[in-house]
Protein chains: 2
Amino acid sequence: MNEALKQAKIAFEEGEIPVGAVIVSKNRIIARAYNQTEKLNDVTAHAEILAITAAENYLGAKYLVDCKLYVTLEPCPMCAGALYWSQICEVHYGASDPKRGFHQCNPHMLHPKTKVSSGLMEKQSEDLVLEFFKKLRE
Amino acid sequence: MNEALKQAKIAFEEGEIPVGAVIVSKNRIIARAYNQTEKLNDVTAHAEILAITAAENYLGAKYLVDCKLYVTLEPCPMCAGALYWSQICEVHYGASDPKRGFHQCNPHMLHPKTKVSSGLMEKQSEDLVLEFFKKLRE
């Protein structure tokens with residue numbers, strides 16, 4: 001999650017909502033990504049989507065059954081839907097997103113095989129988002 | 001929807017689950033796409049996601065508030081989540097997808113501003129998918 005938080009900090013520096021993600025396979029990071037919706041003018045360019053695409057490209061495979069995602073913020077419904085299709089093994093997120101997190105939409109959106117945990121480096125992940133929006137309002 | 005169906009037929013010819021989409025802005029088609037999950041080894045490469053990214057790229061804008069999506073099959077939760085973020089004005093889909101359509105997940109996934117309709121060229125859209133899976137099983 002520390003590596004995901006580093007990605008989120010890059011997003012922060014670049015004026016993007018600071019969310020970072022990494023995907024791990026066999027104890028190695030195979031994809032790192034941060035939210036780039038502003039830079040790419042693309043609402044689909046969330047950290048998770050970019051990380052899934054990068055990991056699948058690296059593996060040359062459509063499914064991430066042996067992989068773990070670490071992401072600083074609870075995935076939104078779009079990203080949860082993508083994670084469903086990927087059949088990823090584990091999803092670990094830092095801070096919850098009570099407004100736009102997938103639990104608000106449907107808590108069973110991920111694949112039945114996917115294990116989920118939350119709260120890892122929660123405070124650092126959340127503080128970064130809060131600081132971003134505080135700066136934006138100033 | 002006729003143009004979306006043409007895109008779905010290209011997908012069929014290329015061995016992809018046959019779903020096609022177009023996005024219209026001011027009575028002009030600004031994006032055409034078909035499902036490419038196999039070719040790109042990417043579970044996120046649904047017709048709708050590719051069309052959203054292409055339309056936003058064309059417009060140089062993150063939001064599709066003046067746009068209409070025509071897609072042959074009911075969007076899945078991932079695509080509905082992406083459509084939510086895009087704030088697209090209208091979504092018209094052909095065939096319903098009782099297994100993986102977004103209504104199964106949460107019927108209120110789209111943006112409150114988005115108007116939705118279904119059933120346009122429903123039979124042709126559905127038949128193409130059924131024929132694809134029939135051929136796959138043979």
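In this predicted model, strand β4 (residues 90–95) of chain A and β5(A) pair in the parallel sense, with four bridges between them. Within this pairing, E90(A) has K115(A) of β5(A) as its bridge partner. Strand β4(A) also pairs with β3(A), again in the parallel sense, here over five bridges. One point of that contact is V71(A), whose bridge partner in β4(A) is Y93(A). Strand β4(A) is mostly covered, since six of its six residues are buried.

These pairings belong to an open sheet of five strands in chain A, with the order β2-β1-β3-β4-β5 and mixed pairing. Which strands stand at the edges? They are β2 (28–34) and β5 (115–118) of chain A; each has a single partner strand, so one side of each is left without a neighbour in the sheet. From one strand to the next, the twist averages 15 degrees. In a regular strand, side chains alternate between the two faces of the sheet.

Helices of chain A lie across this sheet. Helix α1 (residues 2–13) of chain A lies across β1 (20–25), β2 and β3 (67–73) of chain A and runs at about 150 degrees to β1(A). Helix α2 (residues 47–59) of chain A lies across β1, β2 and β3 of chain A as well, running at about 145 degrees to β2(A).

Helix α5 (residues 122–137) of chain A holds L136(A), and S125(A) lies in helix α5 of chain A too. Is S125(A) buried or exposed? Its relative accessibility is 3%, so S125(A) counts as buried. Leaving aside residues up to four places away in sequence, S125(A) touches L5(A), T72(A), G94(A), A95(A) and L120(A). S125(A) and Q7(A) are 118 residues apart along the chain, while their C-alpha atoms are separated by 11 Å. L136(A), by contrast, is exposed, because its relative accessible area is 55% and the exposed class begins over 50%. Together with I17(A) and F133(A), L136(A) forms a nonpolar patch on the surface, with about 250 Å² of accessible area in total.

A search of the whole structure finds twelve salt bridges over all chains. One of them joins K39(A) to E14(A), with the closest N and O atoms 3.1 Å apart. This pair links distant parts of the chain: K39(A) is in the loop between β2 and α2 of chain A, and E14(A) is in the loop between α1 and β1 of chain A, 25 residues apart. E14(A) counts as partly exposed because its relative accessibility is 38%.

In chain B, the side chains of E14(B) and K39(B) meet in a salt bridge, at 3.1 Å from N to O. E14(B) is in the loop between α1 and β1 (20–25) of chain B, K39(B) is in the loop between β2 (28–34) and α2 (47–59) of chain B, and the pair, 25 residues apart, links distant parts of the chain. E14(B) is partly exposed at 38% relative accessibility, and K39(B) is partly exposed at 48%. In chain A, salt bridges that share partners join E3(A), K6(A) and R32(A) into one network.

Chain B also has a salt bridge between K6(B) and E3(B), whose closest N and O atoms are 3.0 Å apart. These residues are separated by about one helical turn, because they stand three residues apart in helix α1 (residues 2–13) of chain B. K6(B) counts as partly exposed at 45% relative accessibility, and E3(B) is partly exposed with a relative accessible area of 25%.

Key
Residues are numbered from 1 along each chain as its sequence is written. Chains are lettered from A and ligands numbered from 1 in the order in which they are written. This is a predicted model: local features need pLDDT of at least 70, side-chain atom pairs count only at pLDDT 80 or more; totals for chains, interfaces and linings use all residues. Side-chain values use heavy atoms; hydrogens and water are left out. Patches are made of residues with over 30% relative accessible area and no salt bridge: like charges are joined within 9 Å, nonpolar side chains (Val, Leu, Ile, Met, Phe, Trp, Tyr) within 5 Å. Accessible areas come from the Shrake-Rupley method with a 1.4 Å probe; for residues, only the protein chains shown count as cover. A salt bridge is a side-chain nitrogen of Lys or Arg within 4 Å of a carboxyl oxygen of Asp or Glu. Helices (H or I, at least four residues) and strands (E, at least two) are DSSP runs, numbered from the N terminus. Buried means under 20% relative accessible area, exposed over 50%, partly exposed in between (1.4 Å probe, protein chains only). Two strands pair if DSSP finds at least two bridges between them. Axes are lines fitted to C-alpha atoms, for helices over the stretch in contact, and angles run from 0 to 180 degrees between N-to-C directions. Contact means heavy atoms within 4.5 Å.
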